[in-house]
Amino acid sequence: MGKASRASFGDALVELGSEFKSIVVLDADLSKSTKSESFSKKFPERFFQMGIAEANMISTAAGLAMSGKIAFACSFGAFLTGRYDQIRMSVSYNRANVKLIGTHAGVAIGEDGHSQMGLEDVALLRSLPNFQIFQPADDIECREMIRFVLTRPEPAYLRLTRQKMPNIHSADWKYKLGKWDLIQKGSGVAFIGTGQLVHSGMEAQSMLDSQMTIVNASTLKPIDEELIIQLAKTHDLIVTAEDHYVTGGLGSAVAEVLAENGLATPLRRIGVRDFGESGTEAEVYEHFKLNAKGVAEQLKSFISSKAA
């Protein structure tokens with residue numbers, strides 16, 4: 001088993017802190033959970049513990065960014081995007097060089113329950129101009145994304161997880177903005193997953209003994225329109241999968257591309273359609289059919305209904 005992307009973020013930030021002297025990090029009393037704590041120990045003069053005051057943290061991060069710093073503002077994804085007004089005006093409107101780090105995304109947070117599950121975070125930030133949105137599927141990809149956003153002046157949101165994910169990229173892999181990874185080329189069904197759901201799709205394929213195409217949609221804004229169009233023209237069915245509400249996230253983004261380009265390829269969306277539930281990660285993923293078994297069942301149903 002690999003690492004949780006929140007842990008990859010913490011490690012990468014410490015490694016890059018010496019190279020990028022303008023990095024400052026802010027946290028809202030969750031530095032142990034977001035893993036920004038590691039940066040605070042090595043660079044205490046560039047770390048700001050803001051307490052349970054996310055709105056103030058976001059506005060302060062924007063001010064630091066407008067003063068020439070690269071500001072990382074860290075908290076659970078649900079708590080960050082719950083301060084949408086500050087993000088909208090202080091960060092997006094000003095094109096402030098703020099990197100929002102939203103950890104514990106989706107229902108995978110488990111026992112903490114719905115109040116702490118970021119399930120509409122992508123939908124909210126996709127609606128804002130200037131934002132780039134990232135969701136890595138493994139440790140290597142997460143580290144590459146952190147380095148990438150440090151070289152760009154735009155506001156960014158990195159959607160990170162508590163759960164551990166095995167590596168699917170080689171050590172020499174390099175990130176390219178808006179270009180999705182073709183994990184496996186197949187036919188019939190094009191499965192587009194993001195984050196942990198990439199791994200659920202890969203396992204589901206083995207259960208079904210399928211030869212479907214598998215894509216890792218790691219950049220949620222901008223999306224890979226060129227690849228979506230190509231998949232729509234060469235496959236019979238497109239299935240998106242995300243630990244996020246089916247409204248406004250990856251599935252909606254793919255639907256927009258299909259509609260705007262007049263493509264009639266059927267689309268089915270796997271994701272969350274109700275409020276989150278409390279339980280272990282395994283229990284919650286089973287409940288919402290986001291684990292390999294649940295994804296396999298839904299894929300089988302989608303394929304059967306299309307054939308009928």
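# Ser 8 and beyond

Student: Let's start with Ser 8: buried or exposed?
Tutor: Ser 8 is buried, because its relative accessibility is 0%, under the 20% cut-off. Keep in mind that this is a predicted model.

Student: Where is Ser 8 found?
Tutor: Ser 8 is part of helix H1, which runs over residues 5-17.

Student: And which residues does Ser 8 touch, leaving out those up to four places away in sequence?
Tutor: Four are listed: Lys 3, Asp 139, Cys 142 and Arg 143.

Student: Let me step back. How many helices and strands does the protein chain have?
Tutor: There are 13 helices and 14 strands in the protein chain.

Student: What about the radius of gyration?
Tutor: The protein chain comes out at 19 Å. A compact globule of 308 residues would be near 19 Å, so the two agree.

Student: What box do the C-alpha atoms fill?
Tutor: Roughly 60 × 40 × 35 Å, along the principal axes.

Student: How much of the protein chain is buried?
Tutor: Buried residues account for 56% of the 308.

Student: And the accessible surface? What does that come to?
Tutor: About 12500 Å² for the protein chain. Carbon and sulfur atoms hold 49% of that surface.

Student: Now contacts. Take those between residues at least 6 apart in sequence. What share joins residues at least 24 apart?
Tutor: In the protein chain, that share is 77%.

Student: How many positive and negative charges are there?
Tutor: The protein chain has 33 positive and 36 negative charges. Their mean positions lie 4 Å apart.

Student: Next, His 244. Which strand holds it?
Tutor: His 244 sits in strand E13, residues 237-245. It counts as buried, because its relative accessibility is 1%.

Student: What lies 3.1 Å from a polar atom of the His 244 side chain?
Tutor: The backbone oxygen of Leu 119 does.

Student: Which residues does His 244 touch, again not counting those up to four places away?
Tutor: Leu 119, Glu 120, Asp 121, Val 122 and Ala 123 are among them. The list also includes Arg 159, Gly 249, Gly 271 and Val 272.

Student: Switching to Gly 110. Where is that found?
Tutor: Gly 110 is in the loop that runs between strand E5 (98-103) and helix H7 (121-126).

Student: A loop residue, then. Buried or exposed?
Tutor: Gly 110 is buried, as its relative accessible area is 0%.

Student: How far apart in space are Gly 110 and Val 284?
Tutor: Their C-alpha atoms are 6.4 Å apart. In sequence, 174 residues separate them.

Student: What else is Gly 110 in contact with, besides its neighbours within four places in sequence?
Tutor: Met 117 is one of them. Glu 277, Ser 278, Gly 279, Thr 280 and Glu 281 are listed too, along with Val 284.

Student: On to helix H11. Which of its residues are buried?
Tutor: H11 covers residues 250-260. Its buried residues are Leu 250, Gly 251, Ser 252, Ala 253, Val 254, Val 257 and Leu 258.

Student: What do those buried residues pack against?
Tutor: They pack against helices H7 and H10 (225-234). They also pack against strands E10 (189-193), E12 (219-221), E13 and E14 (267-272).

Student: What comes just after H11?
Tutor: Gly 262 does, with a positive phi of about 65°.

Student: Which residues other than glycine have a positive phi?
Tutor: Asn 130 is one, with phi near 80°. It is placed in the loop between H7 and strand E6 (132-134). Asp 209 is another, with phi of about 55°.

Student: Where is Asp 209?
Tutor: In the loop between helix H9 (196-208) and strand E11 (213-216). Asp 209 is exposed, because its relative accessible area is 65%.

Student: Which residues does a cis peptide bond join?
Tutor: Lys 221 and Pro 222, with omega at about 0°. Pro 222 lies in the loop between E12 and H10.

Student: Last one, Ala 55. Where is it?
Tutor: Ala 55 is in helix H4, residues 54-66. At 24% relative accessibility, Ala 55 counts as partly exposed.

Student: What is Ala 55 in contact with, apart from neighbours within four places in sequence?
Tutor: Arg 83 and Gln 86. As for Gly 82, its C-alpha atom is 8.8 Å from that of Ala 55, and the two are 27 residues apart along the chain.

Definitions and conventions: Residues are numbered from 1 along each chain as its sequence is written. This is a predicted model: local features need pLDDT of at least 70, side-chain atom pairs count only at pLDDT 80 or more; totals for chains, interfaces and linings use all residues. Side-chain values use heavy atoms; hydrogens and water are left out. Helices (H or I, at least four residues) and strands (E, at least two) are DSSP runs, numbered from the N terminus. The radius of gyration is taken over C-alpha atoms; the globule rule is 2.2 Å times the number of residues to the power 0.38. Buried means under 20% relative accessible area, exposed over 50%, partly exposed in between (1.4 Å probe, protein chains only). Contact means heavy atoms within 4.5 Å. Accessible areas come from the Shrake-Rupley method with a 1.4 Å probe; for residues, only the protein chains shown count as cover. Lys and Arg count as positive and Asp and Glu as negative; His and the chain ends are not counted. The place of a charge is taken as NZ of Lys, CZ of Arg, CG of Asp or CD of Glu. A polar contact is a pair of N or O atoms within 3.5 Å; within protein, one must be able to donate a hydrogen and the other to accept it, and residues adjacent in sequence count only if both atoms are side-chain atoms.
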